Amino acid sequence: MKQYDGAKLREQRLLRGLSQDELARRAGVDVRTIRNAERGRNVPRPFTQRLLADALGCEPRDLFIENEVPREERAQPSTSAPIPPTESTFVAGRQLRAPPPTFVNREQEREDLEALRERGARTLVLCGLGGIGKTALACTLAQEISGLYPEGQLHVELRGSSVPLTSEDAMRHVLWSLQPNAPVLEDPLRVEVAYRSVLRDRRVLVIFDDAASTEQVERLVPLPAGCLAIVTSRRTLELEGVVPVRLGPLDEPAAQALLTLLSPSTEREHQQLASVCSGLPLAIGLIAKALVRPDVDPDELRSMLTRPSPATGNTRASSAPTGALTGALAGVEAPLSHAHSSLSEMLRSQFEWLCLFSGDFDREAAAALWDCSHAAATETLGALMRAHLVEHVSLRGSRALYRLHDLVRDFASSKLQAEDRVAASRHHAKHYSNVLEQIDKQILDGGSTQAEALRRLEQVRNEVRSAVEWCSARPARDEVARDIGRRIAAVTALELRFSSSQRAEWCEQGLVDIPPDASLLKAKLLERLGTARRDRGSFHVAIECYEACLDLLKTEAARELEAAALLGLGIATYYTGAPRRAATWLERSRAIALELGDRALEQRALRGMGVAALLMGELRTAGELQRQALELSRRRQDRVAEAQCLIAIGFLDGQLGYVARACRQLEQALEVASSVGARTDVLMAQIFLAHTSTKTDDTAWADRQTRVALEQARAVGDARVLALALGARARADSALGDVATAAELAHEMLETTRAIGDRSLEVGALEIRAEISRRGEKREVYRSQLEEWLSLARAVQDRSSEASASWELGVFYLESNDPLRALAALDSAATYREEMGHALASECRMRVESIRNQT
């Protein structure tokens, strides 16, 4: 027995740029024949196959895939249990849901959508009531054409019927699905740049499901050429150049057919029950699930569903919610009300509270929401699943995930009383505050659970945002809710998945009207606010926050927080060009860490001290400190810290002239950071690797790397990261001979560093500017730039840069026939390089001695 697949026919047609109508005209067959063949509904006769093959210029065997089905497998359903997804089999870019096997009566809409796509549409919009089958149709169509988009098939839930996803978060979903190691993005414009860039030159299909409004999706579409977006929405979207396809309710025969597929009841019962479903597949499914229960009598069910409401006279369930439900919810009100009324009073209340979850949730979250044991939560979820009000999503055991259909969530929300909503929201926020604290501890402790903690942080990201925003919006008299919001905002792990601007906003909200007796929490919020401001490049504001935190801690015994504030103060201080003062703060931080025996804090202090030593030009000391931090991170199995140490060591090796070794260290850092999804560290490793690669002979590779690094850095919106990427790209353009572009990039880097007050990076920008000017003809301009570079390096006590500037200035004097001044500058630089063990130290000394002998 043969089975046929029409995917090859579609592939051959598209390779030749033909629509179904054009192929039908060429072959002299009906277009419906081609549509049915491509969808695998039937196989054309051999004569028709020959006509199609002749029209396409190929053989019939090239159009259809034949698979021999063993006799023992024919007409026998599989009895094997589905294999749950595992981490090793998960592919971020393959997210399509399986289309429902009972999908019926959407032939015309499917043909309309296919025709629009074949005419070149890059955006298809499906509009209609909730529960009408928009998502089912989108998934069915996507599955049929998925082979045309081999580089990604994504499903983005825009959550328009609950808490709408922002356009930027939807873009981040696409970006992280196609580039799992992409960094956290900040500025909305830069998010969009990265979103467009990652889709460019790819063939990707994206379903944007449940759009809230035109404004939510207008920046998401159209996708670049070669990609396709399928948008579903309960509202009519007014997108330029896009004709929406509207889905209406199923007609009565189709509703009866669907009910027949889903339940074994008689045709008479189907005719009587289907009419109360308003043609909504969701409502039909709920009734069908009720019919298969042995304790439900079909006549009694029909009587309950069709009983007129005494208040309105409408044919609704007598237990219909108070108040008129509009739109799609009205269509499923009767079956949902029946399922709801069949629950005990306790189960009804627990079901209604589940509307607080905006997405998937686990058993632990449900238990926390209901304030019950895990065993009790498991029993309750089982009862709600049997009532078909809760869906089981994936996995098993304690990490099993559950979900409410959006209309079911709407229904539950309509039932939830105001006072119960406040109580449920408080439980919800408190749970995710506890979850965040657990995640934070796992990340800081390192070990084998660190990667799992990072993945879990990604899973709860939307719930955390909902929780902290609800807490922040509560009136000041609800001190419990406001306190929970402050505790969430003070969690260190937020910096791994939330933008610095978002974190700063939450911390500032938490500091408003904070009680006088919460000085310790206020100090923690100030420390977190300082870190958020530092990450944005506002170093002086960050220093003020850290100092305010330390002032509060003078009367509080919180040594760990004191050490964290000193660490942040040291880092912000050396960015402002005072590395020796920074070293003082960092040494105090390390002393407290040693006193407490806190190895995580010690390694962070060591890394900070290493950077300060680097900026002071003490490269040997810097290398030793970073290697100590690396050893500690590996001993603790802290992969995030390990990546950061490897980045610092790689950069140091590059500064010392060991380019090949530096590249190996940075490549290793990139691998480690990627393995745990540390996006910011991935970007930093890429930038430093690109920067180091400009010193190699492989200019083509350096060109590619620096372009990618700069594009991603612009998308992030972090001024300091952008400055580093600009410098790497400027060096690459200079090496390629494009001096004008290199000079523009160097100038942009210099302006960026000055805008944020990062004097250490300003020294680097002056160095790159001078390197580029050396290729020009204006020698006096070059000399003045060298002197400015040298002067600033001395001002910020950066001995490494001072030595480099002295050497370049010495070479300039030598070429200007001023050997005495050249000798003094070169001798100073050579001495420093000998002290630091620079790879070129011996060559520098030999050249100095040669000049000395000649002089």
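Trainee: Which residues is Trp 370 in contact with, leaving aside its neighbours within four places in sequence?

Mentor: In this predicted model, Trp 370 is in contact with Gln 350, Trp 353, Leu 354, Ala 377, Thr 380, Leu 381 and Leu 384. Contact here requires heavy atoms within 4.5 Å.

Trainee: What makes Trp 370 stand out in the largest nonpolar core?

Mentor: Trp 370 is listed with Phe 351, Leu 354 and Phe 361 as having the most contacts inside that core, which has 175 residues. Helix 26, residues 559-575, supplies the largest share of this core, 10 residues. A second, separate core has 35 residues, including Val 174, Tyr 195, Val 198 and Val 204.

Trainee: Why is Ser 425 called buried?

Mentor: Buried means under 20% relative accessible area. Ser 425 has 5%, so Ser 425 is buried. Ser 425 lies in helix 19. Leaving aside neighbours within four places in sequence, Ser 425 is in contact with Leu 356 and Trp 470.

Trainee: How do you know that the reach of helix 21 is close to the expected one?

Mentor: The expected span is 1.5 Å times one less than the number of residues. Helix 21, residues 461-473, has 13 residues, and the expected value is 18 Å. From first C-alpha to last, helix 21 reaches 19 Å, which is close to that value.

Trainee: Which residues of helix 21 are buried, and what do they pack against?

Mentor: Arg 461, Glu 463, Val 464, Arg 465, Ala 467, Val 468 and Cys 471 are buried. The buried residues of helix 21 pack against helix 7, helix 19, helix 20, helix 22 and helix 23.

Methods:
Residues are numbered from 1 along each chain as its sequence is written. This is a predicted model: local features need pLDDT of at least 70, side-chain atom pairs count only at pLDDT 80 or more; totals for chains, interfaces and linings use all residues. Side-chain values use heavy atoms; hydrogens and water are left out. A nonpolar core is a set of buried Ala, Val, Leu, Ile, Met, Phe, Trp, Tyr and Cys residues joined through side-chain atoms within 4.5 Å. Buried means under 20% relative accessible area, exposed over 50%, partly exposed in between (1.4 Å probe, protein chains only). Helices (H or I, at least four residues) and strands (E, at least two) are DSSP runs, numbered from the N terminus.
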